[in-house]
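Here is a short briefing on side-chain links. Look at the sequence and the model first.

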Amino acid sequence: MTLNPVILAIWLTILATFILSVWKGGVAERWAGSLVAAGALSAYIIHRTVPDGAIPLVLLFAEFLLACGFLALAVRFAFLWLGAAMLLQAVQFTLHAWYLLLERPRDLLFSMVNNIDTMGILACVLFGSLLAWRRRAAPDLSA
């Protein structure tokens, strides 16, 4: 089995983003990083354990839960980066729904949109974590 360098890069980015969000992020960033990591792990588990015919439906449900999680975070914390992550997760959910409803086999377009969208969500969480880190590191000038 050969390891695809794109997949390896995405997994390493997910791990790095999760670690940074937990280490330097605030509450919203920790939750968002945890959601992304849980979503990636659930997709991996789904692909390894669910029968081939049921994978698209189970992945759609997992994407739905992830979208609901980002919606709850965006409503609760109202950060712009969370709104962007929520919208990108909605694109991911729509992609899965579109391919499932059209009974279209996954192709290069699916893989490209899926990977680019995942990287966009990771970029949003990374951006939020860096902002939280910067906010905490800034001197308090309110006195």
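The points below cover salt bridges and cysteines.

This is a predicted model, where local features need pLDDT of at least 70, side-chain atom pairs count only at pLDDT 80 or more, and totals for chains, interfaces and linings use all residues. Residues are numbered from 1 along each chain as its sequence is written, and side-chain values use heavy atoms, leaving out hydrogens and water.

**Salt bridges**

- The count is two salt bridges, each defined as a side-chain nitrogen of Lys or Arg within 4 Å of a carboxyl oxygen of Asp or Glu.
- Arginine 135 pairs with glutamate 29 in a salt bridge, at 3.8 Å from N to O.
- Arginine 135 sits in helix H5 (residues 108–137) and glutamate 29 in helix H2 (residues 27–49), so this pair ties together parts 106 residues apart in sequence. Helices are DSSP runs of H or I, at least four residues, numbered from the N terminus.
- Glutamate 29 is buried, at 2% relative accessibility, whereas arginine 135 is partly exposed at 47%. Buried means under 20% relative accessible area, exposed over 50%, and partly exposed in between (1.4 Å probe, protein chains only).
- Arginine 104 forms a salt bridge with aspartate 107, with their closest N and O atoms 3.1 Å apart.
- Arginine 104 is partly exposed at 32%, and aspartate 107 is partly exposed at 27%.

**Cysteines**

- The whole structure has zero disulfides, a disulfide being a pair of cysteine sulfur atoms within 2.5 Å.
- The sulfur of cysteine 68 has its closest cysteine sulfur 18 Å away, in cysteine 124, too far for a bond.
- Cysteine 68 is partly exposed at 35% relative accessible area, while cysteine 124 is buried at 12%.

Terms used:
Helices (H or I, at least four residues) and strands (E, at least two) are DSSP runs, numbered from the N terminus.
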